[in-house]
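Here's a quick briefing to read with the model open in your viewer. Have a look at the fold first, then work through the notes below.

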Amino acid sequence: MATDRACISGYFEKEEEKAIQKYANKHRLTKSKALEALVKKAFSDDSESPEELIFNQASDRRITELERDRDFAFTVRTGMCSSIDKLEEQVAYLQDNVERLQRLVERTQVEYFTDDQVASHVGARVETVKEWRLGLRKPRGSNICSLIEDFQLDYGRWRMRG
């Protein structure tokens, strides 16, 4: 409650002003707070002291602030929970994609063979298979050509066709 000192001093006599000042000094209040407390005490029907009135106002303000903080915290927590749920869905989706891609890679993984392995499959010498791989010699003979058809050269390495 805002007060104007000049206006207050015009309404009250000197004794009333001294009583207000005495009340303010006794309860360690400013003159305007003391006047506010006395007016509230006069208008209230209960037997609250001015200190209780001032304390109740302060506690009501604090309760209002705490309720506002609680509502804000609840809103933030609700938003965070929905964000966490969305992130969990995205993580599950990404994990499924990773597993699918791993299966695809495992299925399409190319197995390369050494000259020794190709030589044992075809029944030729290792040096001959090495020369085929390097392009120094071509495979000859229908039997060897039919067996070597299962293999192809891929960047200088043997691998199965298909």
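This is a predicted model: local features need pLDDT of at least 70, side-chain atom pairs count only at pLDDT 80 or more; totals for chains, interfaces and linings use all residues.

For the element order, helices (H or I, at least four residues) and strands (E, at least two) are DSSP runs, numbered from the N terminus.

**Overall make-up**
- The tally is 7 helices and 3 strands.
- Of the 162 residues in the protein, 15% are buried.
- The protein exposes about 13200 Å², with carbon and sulfur atoms supplying 54% of that area.
- Take the contacts with a separation of 6 or more: residues 24 or more positions apart account for 34% of them.

**Where H2 meets H3**
- Helix H2 covers residues 14-26 and helix H3 covers residues 31-43; they pack at an angle of about 100°, and their axes are 9 Å apart.
- Angles of 65 to 115 degrees count as roughly perpendicular, so H2 is roughly perpendicular to H3.
- On the H2 side, the contact uses Glu17, Ile20, Gln21, Tyr23 and Ala24, while H3 brings Lys31, Ala34, Leu35 and Leu38.
- By type, the residues of this contact split into 6 nonpolar, 1 polar and 2 charged.

**Cysteines**
- A disulfide here needs a pair of cysteine sulfur atoms within 2.5 Å, and by that rule the count is 0 disulfides.
- Cys81 is partly exposed, at a relative accessible area of 46%.
- Cys145 is partly exposed too, with a relative accessible area of 28%.

Methods:
Residues are numbered from 1 along each chain as its sequence is written. Side-chain values use heavy atoms; hydrogens and water are left out. Buried means under 20% relative accessible area, exposed over 50%, partly exposed in between (1.4 Å probe, protein chains only). Contact means heavy atoms within 4.5 Å. Accessible areas come from the Shrake-Rupley method with a 1.4 Å probe; for residues, only the protein chains shown count as cover. Axes are lines fitted to C-alpha atoms, for helices over the stretch in contact, and angles run from 0 to 180 degrees between N-to-C directions. Angles under 35 degrees count as roughly parallel, over 145 as roughly antiparallel, 65 to 115 as roughly perpendicular and the rest as oblique. Ala, Val, Leu, Ile, Met, Phe, Trp, Tyr, Cys and Pro count as nonpolar, Asp, Glu, Lys and Arg as charged, and the others, Gly among them, as polar.
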